[in-house]
Amino acid sequence: MSYPSEPFINGRYTSSATGQPTNLINPATEEVFASVSSVQAKDVDEAIEGADRAFRQSWRDIPPGRRAEILFNIAKILRANVESIAQLESRCVGKPIADARDEVALGARVFEFYAGAVSKFGGQTLPVSRGGFDFTLRQPMGVVAAIVPWNFPFPIACWKVAPALAAGNTVVLKPASISPLSALLLGQLSVEAGLPAGVLQVLPGSGREIGNQLVLHPMVRKISFTGSTEVGRGIMELAARGLKRVSLELGGKSPNIVFADADIEQAATNSPMSVFGNTGQDCCARSRVLVERKVMDCFVEKFIAATKKLIIGDPASEATQIGPLVSAGQRAVVEDFMASARSQKRSIVSGGQRWGSKGYFFEPTIILEPEITDRVWREEIFGPVVCIRAFDDESEMIEEVNDSPYGLSGSIWTHDIRRALRVARRVESGVLSINSHSSVHVEAPFGGFKQSGLGRDLGMAAMEGYTELKNIYIAD
Ligand code: NAD
């Protein structure tokens, strides 16, 4: 298999990148399988200036119909390359191959949606009180810096790139340093699909080293970030200096609320993958389960049984559901949380250990009835660890759910529609599902309350977030 190994700037892979190469490690084997040149300050400047030129000289003025056509072409070429992109992604981050294929298809669907959105997105006419004619325009901003994490590298890159391009911006995309391959391929395939050179630049490299430059560069008008709350906060502070637009998709500690009248079989057998999927490295992971006490024992028994059936192993195998954690560092984070649970003598009823003799695997782990002050209950673990607590009273349970700095996602299981809606309205969270664990719909807004973020990805809300709103008045 061949791998992209250079930054993608101004329509081609560039061998002049001045940074150190980053070795990419397959998390399932712990072996280096590829190496990618990282960018340094000079390359970042070149990419941003190229993106600004491409914005002014071509992309913003291309007729919307042609812009839509190019985005559809990108979707088509992505669909034709699902297998090769999925293989890269799986090797890079240890994602089970079947999941990787689904995620590439999701990325293609995102391009299709925003290709269609180009012709359905515009301003308004307004009946201003002094008469005359007043209307608004939605205009592109210019260069957008899109900074994305390693847990869903391809779809999250598409969530940002597609609406930003659809709205007429150019994009400098910075993938996480350990997962740059699918983003680089996106750059190359987009140009093959007809995207003018410079409209999408892809910069592999360390966020710590080039992040400040991306945020502070005067030609960058907006920063669209997905990653940890800590880094997001730093970006927002820095962006304030230039009053840059920011959207932030950050961490989560999402609840999974199960009432006694729910279909317990369905809730319990579906719930393990809502937290252990992607080896728990999911901002929407339902890592706090709250179960009405009457059905706690029955739910826990079924949840453990369903967890034990999950197939852990080689991400390249079609049957695998749970791959390794992304890195030794991420496994150390998970082990640190487990050490704190053990030191507090918490009840670990399943898992809790490394799995296999090589690779960064960790068993799906279930902790029963931790205290609400415990780190494992309060903090985002980003690994395959779930905590389950019983509740008696609906209002107290909602207070417990909202007692968190996060508010990204969550599920409610009940057959009582009035209760479902009552609880859904009171839970402080940007995304909720009822009798389901589905959080992401290309057509619907995705994002968090509180410290889970600011602004929205996906849906028409994301398009709005990549435009400035201009008002124009014409006198009678
Ligand atoms: P991270 O914050 O460490 O890194 C994310 C990206 O930011 C990477 O590209 C990284 O190189 C870059 N970066 C790091 N330091 C930077 C800096 N100082 N300036 C600019 N960029 C910098 O996050 P991660 O470990 O890659 O991803 C895991 C986190 O992402 C979790 O907290 C998870 O919840 C969150 N996440 C959120 C969503 C969401 O939509 N809300 C989705 C996926 C992941």
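User: Which backbone N or O atom lies 3.2 Å from an oxygen atom of the ligand?

Analyst: First, the basis: this is a predicted model, where local features need pLDDT of at least 70, side-chain atom pairs count only at pLDDT 80 or more, and totals for chains, interfaces and linings use all residues. Residues are numbered from 1 along each chain as its sequence is written, and side-chain values use heavy atoms, without hydrogens and water. The backbone atom 3.2 Å from a ligand oxygen belongs to G227.

User: Which residue has a polar side-chain atom 2.6 Å from an oxygen atom of the ligand?

Analyst: The side chain of K174 places an N or O atom 2.9 Å from a ligand oxygen. The 2.6 Å pair is made by a polar side-chain atom of E380.

User: How much of the ligand does the protein bury?

Analyst: Accessible areas come from the Shrake-Rupley method with a 1.4 Å probe. Alone, the ligand exposes 850 Å². Of that, the protein buries 87%.

User: How many residues around the ligand are nonpolar?

Analyst: The shell has seven polar and four charged residues. Gly counts as polar, and Asp, Glu, Lys and Arg as charged. The nonpolar count is 15.

User: Where does the ligand lie relative to the domains?

Analyst: Domain bounds come from an automatic or database domain assignment. Both domain 1 (8-250 + 452-474) and domain 2 (255-441) give residues to the shell, so the ligand lies between them.

Technical notes: Polar contact = N/O pair within 3.5 Å; in protein donor to acceptor, adjacent residues only side chain to side chain.
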